[in-house]
Amino acid sequence: MAHINTIIPETLEKLNLHTAQTDPQIILFSGCFTFTGGKDRRSGLILTIPLCTEQTSMEELSSTLDYLLGIPSDKCKARGFTVIVDGRKSQWNIVKTVVLMLQNVIPAEVSLVCVVKPDEFWDKKVTHFCFWKEKDRLGFEVILVSANKLTRYIEPCQLTDEFGGSLVYDHIDWVNKRLVFEKFTKESSSLLDELVVINDSEKSSHELLSELQQRRFNGAEGGGVAWSPMDDELLAQPQVMKLLDSLREQYTKYQEVCRQRSKRSQLEDIQTKVMQVVNWLEGPGTEQLRTQWGIGDSIRASQALQQKHEEIESQHSEWFAVYVELNQQIAALLSAGDEEDLVELKGLQQQLSDVCYRQASQLESRQNVLQSAHEFHGTAQDLSQQLDGLLGMLCADVAPADGAAIQQTLKHLEEKLKSVEGALVGLREKGQVLMDQMSNQTSWSYGKDVPIDNKDNVDHIQGVMEDMQLRKQRCEDMVDVRRLKMLQMVQLFKCEEDASQAVEWLGELLDALLKTHIRLGDDSQETKVLLEKHKKFVDVAQSTYDYGRQLLQATVVLCQSLRCSTRSSGDTLPRLNRVWKQFTVTTEERVHRLEMACSFHTAAEKGDLPVEVEQETYEEVETVGKALLDRLTVPVIFPDGSEQYFGSPGDMASSAEHIRDKMKLVEDRKLTLFTLPVACPSEFVFTLILA
């Protein structure tokens with residue numbers, strides 16, 4: 001809006017103000033004060049004061065401001081004013097004086113004063129007056145601001161183009177409308193005064209007519225001389241009556257005209273308001289929605305969009321409130337039953353309802369899309385966090401203590417993966433719902449359906465789902481590798497455990513061999529049976545040893561596959577070999593003793609036969625018996641130098657006693673055989689039988 005310091009002559013002539021140079025309307029219409037229609041963030045009106053170097057006196061400005069403040073309603077005044085003092089073409093002392101004038105005229109109504117300073121600011125020596133320190137005294141806040149920074153305090157859509165805003169304001173148009181209003185107000189006041197005069201005249205006419213008629217009737221009825229009215233009196237009665245009839249007729253017409261004007265004015269007012277609502281909803285309202293079709297790329301972004309949408313809904317709610325009020329007014333007029341206005345009223349009502357419901361539907365649709373987008377981004381964020389947690393588990397080194405710990409870890413991994421799969425399914429469902437909602441959206445702009453390009457939004461949704469699918473697939477592959485590794489570790493622990501068990505079993509067999517396998521048999525037959533049992537016992541031990549070796553070999557292979565150092569197999573293998581060597585030495589000793597016992601019993605049994613036996617047989621029994629007795633006293637010496645005896649000392653003493661008894665018996669037979677005289681064979685047999 002440019003400065004308007006002069007007014008067109010026609011305007012001054014209409015107001016008859018060209019001779020009254022100090023009238024506040026002259027200054028107001030010259031553009032020194034303007035209500036552009038803009039509002040501040042508190043919904044208060046914005047008053048603009050464009051100052052210039054040649055300025056009207058402060059007294060004239062003060063009176064003009066008083067006149068201007070009579071225009072807004074009390075409700076508007078209660079919200080307070082924001083005053084923009086444009087001092088870019090003025091001097092500092094004038095700006096200061098205007099601000100102080102505001103303090104004297106309207107301190108209570110002013111909320112904020114924005115002094116627009118020039119690009120080259122006033123000299124500091126003349127701007128030492130600090131408005132912010134004078135806030136309590138002034139009653140309002142004053143700020144110095146550049147024109148390009150005025151939007152920090154007032155929305156751009158509420159500022160005219162000279163302050164970098166987009167608000168359209170035509171001061172000439174406003175002046176002309178104000179002239180029409182002033183003329184209407186003046187003529188209406190004059191007409192009201194005339195109506196009062198006419199009303200008083202009608203009363204006087206009625207009184208006159210009544211007096212004339214009363215005089216005539218009184219003369220006719222009196223007992224005195226009859227009254228004869230003058231000619232002018234006779235003529236006055238019909239003239240008065242005619243004038244009264246004319247007044248009544250004109251008054252009736254005037255009432256009808258007023259009624260029609262009032263109805264038409266009300267209808268036009270409703271039509272104007274309806275078009276304001278329709279134009280705003282189909283124009284700026286729809287434009288707000290049209291430019292807000294994003295869904296954001298995160299929860300925070302979607303929340304910001306929801307907040308912006310709430311602001312848009314708040315602005316729409318004001319117009320919807322106007323719609324409700326207009327709808328009630330239209331309904332009241334329809335119930336009055338004026339036939340000529342029914343069609344027009346119904347048309348306005350239908351147009352208003354269609355636009356409002358359509359806009360409300362778009363607001364609701366947008367709200368649903370934003371809610372679905374918020375849920376989609378929330379699910380995507382939760383899924384991303386789950387994938388990060390799963391990836392962290394998979395990247396961490398596995399150092400379980402035993403197979404049970406591995407099984408527990410593997411179970412935890414499977415549960416995590418299952419949760420990720422469920423979250424991904426939920427993400428796909430929410431993404432599909434969101435895309436379906438967006439595909440059903442259309443924008444209504446100035447009465448036309450405008451398709452909405454949601455390609456970027458759809459690409460973003462599909463991109464998020466594909467990215468999550470790829471991340472989930474990578475985690476699945478890593479879980480498969482980790483599962484195989486952990487199963488191998490379970491096998492490793494199992495092999496190590498079974499190998500240790502084989503060592504224990506072999507140790508138990510060795511212990512049983514030393515402590516319980518001590519009998520040598522009472523004869524050769526029993527000894528042979530013991531030898532056979534011992535071979536089977538050795539076979540069992542050999543199988544145990546071979547099983548342990550195989551397990552340890554499997555442990556080595558698994559450790560190589562897992563790329564880890566040999567665990568307990570480094571200790572188990574020496575233990576297994578040590579126990580096996582001890583068992584081997586012990587079993588060899590056991591076999592040697594059983595074989596010696598078998599030889600001893602065989603030789604002894606030959607000496608027991610009732611036939612002539614060579615002396616070498618008895619010597620063999622004695623030699624083998626003594627060697628066996630000596631063997632029983634010798635411990636088993638293991639490769640590490642340690643010693644171990646078969647059985648307890650009592651067991652060994654019992655076995656030795658049995659051998660000695662048998663050797664003594666054979667010795668006795670030998671003496672008997674070789675010291676008796678030669679006799680017949682029958683005597684010899686008898687002697688043996690007795691023996």
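Student: Which residues lie nearest the centre of the largest pocket, and how many residues line it?

Tutor: A word on the model before that: it is predicted, so local features need pLDDT of at least 70 and side-chain atom pairs count only at pLDDT 80 or more, while totals for chains, interfaces and linings use all residues. Residues are numbered from 1 along each chain as its sequence is written, and side-chain values use heavy atoms, with hydrogens and water left out. A pocket is an open set of points on a 1 Å grid over the protein atoms alone, where a 1.4 Å probe fits, with protein on both sides within 12 Å along at least five of seven lines; lining residues have an atom within 4 Å of a point. Here 31 residues line the largest pocket, and Lys39, Gln158, Trp280, Glu318 and Trp319 lie nearest its centre.

Student: Which helix gives the most to that lining?

Tutor: Helices (H or I, at least four residues) and strands (E, at least two) are DSSP runs, numbered from the N terminus. Helix 9 gives the most, with 8 residues. Strand 1 (34–39), helix 4 (74–78), helix 8 (231–290) and helix 9 (299–336) each supply at least two lining residues.

Student: How do I read the order of strands in the sheet, and which strands are at the edges?

Tutor: Two strands pair if DSSP finds at least two bridges between them. In this model, 5 strands form an open sheet in the order 1-2-3-4-5, with mixed pairing. Strand 1 and strand 5 (141–145) are the edge strands, each pairing on one side only. Strand 1 runs antiparallel to strand 2 (residues 45–50), and 3 bridges join them.

Student: Threonine 555 and threonine 379 both sit in helices; why does each count as buried?

Tutor: Buried means under 20% relative accessible area, exposed over 50%, and partly exposed in between (1.4 Å probe, protein chains only). Threonine 555, in helix 13 (residues 524–562), counts as buried because its relative accessibility is 0%. Threonine 379, in helix 10 (residues 339–395), counts as buried because its value is 15%.

Student: What is threonine 379 in contact with, leaving aside its neighbours within four places in sequence?

Tutor: Contact means heavy atoms within 4.5 Å. With those neighbours within four places left aside, threonine 379 touches Ala423, Gly426, Leu427 and Lys430. As for threonine 555, its C-alpha is 8.4 Å from that of phenylalanine 493, and the two are 62 residues apart in sequence.
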